[in-house]
Amino acid sequence: MRELRIAFPKTIPILTGYLFLGITYGILMVTNGFPFWLPVLTAVIVYTGSMEFLLVGILLSPFHPFSVLASTLMVCARHIFYGLSMLQKYRGTGKAKFYLIYTTSDETFAVNCDARIPEGLSRSKYYFWVSFLDQLYWVTGSALGALFGGLLTFRTDGLDFVMTAMFVCIFLNQWLRDADSLHLRYGKHIPWRALLLSHAPELVGTGASLLCLAVFGPERFIIPSMIVILAILAITRKQVEPAADVLRTAPDTEKGNSK
């Protein structure tokens, strides 16, 4: 249970976000005519926030299996990068590994990827509790939205934009966190190479997406973007990963120096 006590505080920001997003998803489902149990079921089984929001429109449209498959691959292609990044961390986690893979959402990945687990604690149990709590928050929010969504009397147009806003917040949070680590390590005079390497994932993701958007158009750019991002990060992995490891230890190093 020590792992749970350490993991829970790390998931509090996700608790607030997932409850709101889950409530929004539940409201969208029931206000579009679906039974209250369906958003709860999909929250447990599908558990892919952005895809679940798209699921509302998919279930209301004529069924085209290949279109659904293509949409799912485009929306969830980012999990390829999550899997590659977590290969080493999830190694040796035993039976929990399958559940950890299944529940690797954007926010769970962010918490587990940067986790600093105290000595004496089980890595697999810590990762499990983070993953389990995050899914519990999402399921709970979806259930609340489904139960009380039918009581709403105002229009819910635009609620589906909440996922876009969430991804913008994730991007900004990552950028600001890397910037803080740079300032902790280098102070006001940050070497340009360290600046580029620290923000490499954000710069590569944004640049590749904009390039493919210009070349392939808004309806076909996502998969090419994923391919370009994967290729660039694979080629530059030996340069980017050491810089990221250094920045992760910057706060601890600074703290140790201050003593």
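## Cysteines

Let's start with C212: in this predicted model, C212 has a relative accessibility of 3% and so counts as buried. C113 is buried too, because its relative accessible area is 11%, under the 20% cut-off for a buried residue.

## Helix α8

C113 also brings us to helix α8, which spans residues 106–113. This helix is mostly covered, with seven of its eight residues buried. Which residues are the buried ones in α8? They are D106, E107, T108 and F109, together with V111, N112 and C113.

## Where α2 meets α3

Now for a pair of helices. Two packed helices can be described by the distance between their axes and the angle between them. Here, helix α2 covers residues 12–31 and helix α3 covers residues 37–45. Their axes come within 8 Å and cross at roughly 135 degrees, so α2 and α3 are oblique to each other. Which hand does the crossing of α2 and α3 have? The crossing is right-handed.

On the α2 side, the contact is made by Y25, G26 and M29; on the α3 side, L38, P39 and T42 take part. Sorted by class, the contact of α2 with α3 has four nonpolar residues and two polar ones, with no charged residues.

Conventions
Residues are numbered from 1 along each chain as its sequence is written. This is a predicted model: local features need pLDDT of at least 70, side-chain atom pairs count only at pLDDT 80 or more; totals for chains, interfaces and linings use all residues. Side-chain values use heavy atoms; hydrogens and water are left out. Axes are lines fitted to C-alpha atoms, for helices over the stretch in contact, and angles run from 0 to 180 degrees between N-to-C directions. Helices (H or I, at least four residues) and strands (E, at least two) are DSSP runs, numbered from the N terminus. Angles under 35 degrees count as roughly parallel, over 145 as roughly antiparallel, 65 to 115 as roughly perpendicular and the rest as oblique. A crossing is left-handed if the near helix is turned anticlockwise from the far one by less than a right angle, and right-handed if clockwise. Contact means heavy atoms within 4.5 Å. Ala, Val, Leu, Ile, Met, Phe, Trp, Tyr, Cys and Pro count as nonpolar, Asp, Glu, Lys and Arg as charged, and the others, Gly among them, as polar. Buried means under 20% relative accessible area, exposed over 50%, partly exposed in between (1.4 Å probe, protein chains only).
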